[in-house]
Amino acid sequence: MELFLMTIVTGIMVGGIYALVALGWVLIYKCSGVLNLAMGEMTLIGAYISITFYSMGIPFLLALLLSLIIGLILGILTERIFLDKLIGEPVLSVIMVTVGLSFFFKGSLELIWGTDTKVFTPPVFPLEPIEIGPIVIGQAYLWSFIAAIILLIAFVCFFKYTRWGLAMQATADDEMAALSLGISARFVYAAAWSIAFISAGVGGTLLGNINGLNISVAHLGLLVLPVVVLGGLNSVPGAIVGGIIIGILQNLCGAYLDQYFPGGVKEIAPFAFMVIFLLFKPYGLWGWERIERV
Amino acid sequence: MSLQSEQKTEEILLELQDIHMHFGKVKALSGINLKIKKGEIHSVIGPNGAGKTVMMNCINGLYKPQKGKILFKNNEITPLKPYERAKIGMARTFQKVEVFGGMTVLDNIRLGRHIHYKSGILNGALYLGKAAKEEIEHRTFIEEQIIDLLEIEHIRHKPVEMLPYGLQKRVELGRALALEPNLLILDEPLAGLNLEEVEDMARFILDINEEKRWKVTCLLVEHDMGVVMDLSNNIFVLNFGNMIMDGTPEEVQKNPEVIKAYLGEEDLYATRK
């Protein structure tokens, strides 16, 4: 029972990070219909930048903040350099560009930081775990979860309480009409990509704190797919709930199935689940149901 | 009608100077000159494929003409993007309604207020109170001015895609009005409407143009000759990207070339009189 509870709690904690990264992904999809296949590399970029600052002796929070600012700049640059010219082009072309971007980012990362696993030294979070009743959690998990939740709330508020949330949805719906109302599509896309870079960067940094940082953290970018499929591709609450569910699922599989199928159950469980889930609910939990009326 | 046009000011709001636009080898517009006076309703007519919508897209900034200049309020706006033109007072509706289907009527119109929000991203977050007050002001404006004018109180909270076509067109007009534009481009606002809806829409256009509160200059693209002749101060006739003439409705009706190109040899203009 204790094992079960602990697995669940850790799952929720990790799921918070997934949710954060998924949110960034959903925003891009929501405002432009683009499936961003470079998300994993974007998590790495943020994470490597913050680990570099941290190893230079800059306090962790400041290092994280700096990586956020750089993420913001990278988001704007990506939009300006790669995506601006594609405004008005078919979505599929943009998706192919994101594939290209993922290779480009990955190559640049290996060039700059190499392929060895890096860890945050000294550890950012104290190593002794916290005990809450029967449950024992590592501090890294707990603080990561808290950080992810704070950022999630900040983003959700941004979209609920500023006019940009509505403007983004409008751009996704009908770019031409949005333009005619004075909404700058460029600004909307740059904002979405910046937020995606930021959330990916924080997600990567937090995960890097837990497991150490190497190229395989980029799998987080793929893991986003089951999360958003579960929640509905364009739903912000869906991304959050989906992230947490996938986190729990992954941990449960790791704890209970790994002994029967040793190896990578934990890694493939979310994807197997995604396929089964799609059979029954093709629009996810909160996705738009697009039914063509004839 | 001619009397009315004399009452209008002579101030030019929009001017096209020698606009050329081609797609590959297809010439859509060749050397268009047009002057729209402040306060008038200026219509553009012409057969299908004459280049009317291309002309509107050039004015609104969706297309960039290869040659020529566009002046708005005496400033050149040729390099400006559509959203920049919206900010300086240009609004439009589209030939095929372009509404945000999944959103409610109110949200659609609220988006039309986008350029009038003063509190920016950070302000909005920092001064929640101030932003909230601004939001209430916009809400009141929408409710009292636009929803009232267009008589759409009863559908405020309905998603637009559920509404019949005629009402969608009305919502689109409301959204464009929410910008409080100086120039309103109406691309076939009557197409696909039934008789009653046509009458309503024509009345709205007149209200928007004449009422003290609005006084919006309108650029109207329309096929319904009855309405065009009734509403317009001036009519610009386009055929295969060339101007045939630009004049008052009376002059247009008498022009033999116009009759040949568009109205037909017989009396075709009195469609819905």
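**Reading contacts, helix pairs and a sheet**

The contact between the chains takes 18 residues from chain A and 25 residues from chain B. The model is a predicted one.

Me: Which elements give two or more residues to the side of chain A that touches chain B?

Reply: They are α6 and α7 (175–180) of chain A. The largest share of that side, five residues, comes from α6(A). By class, the side of chain A that touches chain B has eleven nonpolar, four polar and three charged residues.

Me: How should I read the packing of two helices, and at what angle do α6 and α8 of chain A pack?

Reply: Two packed helices are described by the angle between their axes and by the distance between those axes. In chain A, helix α6 (residues 164–173) and helix α8 (residues 185–211) pack at an angle of about 110 degrees, and their axes are 10 Å apart. Angles of 65 to 115 degrees count as roughly perpendicular, so α6(A) is roughly perpendicular to α8(A). From α6(A), the contact is made by A:W164, A:A167, A:M168 and A:T171, and from α8(A) by A:A185, A:V188, A:A191 and A:A192. These residues divide into seven nonpolar, one polar and no charged.

Me: At what angle do the axes of α2 and α3 of chain A cross?

Reply: The axes of helix α2 (residues 39–55) and helix α3 (residues 60–83) of chain A cross at roughly 140 degrees and come within 8 Å. That makes α2(A) oblique to α3(A), and the crossing is right-handed. Among the residues that meet are A:I45, A:I49 and A:F53 in α2(A) and A:L64, A:I70 and A:L74 in α3(A). The residues of this contact divide into ten nonpolar, four polar and no charged.

Me: In what order do the six strands of the open sheet in chain B stand?

Reply: The order is β6-β7-β8-β3-β9-β10, and the pairing is mixed. β6 (90–93) and β10 (242–247) of chain B stand at the edges with a single partner strand each, so one side of each is left without a neighbour in the sheet. From one strand to the next, the twist averages 15 degrees. Within the sheet, strand β7 (residues 183–187) and strand β8 (residues 217–221) of chain B run parallel and are joined by five bridges. B:L183 stands opposite B:T217 in β8(B).

Me: Which strands of chain B does helix α2 of chain B touch?

Reply: Helix α2 (residues 52–60) of chain B packs on the sheet and touches β3 (41–45), β6, β7, β8 and β9 (234–239) of chain B. Its direction makes about 150 degrees with that of β7(B). Helix α8 (residues 195–210) of chain B lies across β3, β7 and β8 of chain B and runs at about 150 degrees to β8(B).

Technical notes: Residues numbered from 1 in each chain as written. Chains lettered and ligands numbered in written order. Predicted model: local features only at pLDDT ≥ 70, side-chain atom pairs only at ≥ 80, totals over all residues. Axes fitted to C-alpha atoms, helices over the stretch in contact; angles between N-to-C directions. Helix = DSSP H or I, 4+ residues; strand = E, 2+ residues; numbered from the N terminus. Parallel < 35°, antiparallel > 145°, perpendicular 65-115°, else oblique. Contact = placed C-beta atoms within 7 Å. Nonpolar A, V, L, I, M, F, W, Y, C, P; charged D, E, K, R; others polar. Pairing = 2+ DSSP bridges. Left-handed = near helix turned anticlockwise from the far one by under 90°.
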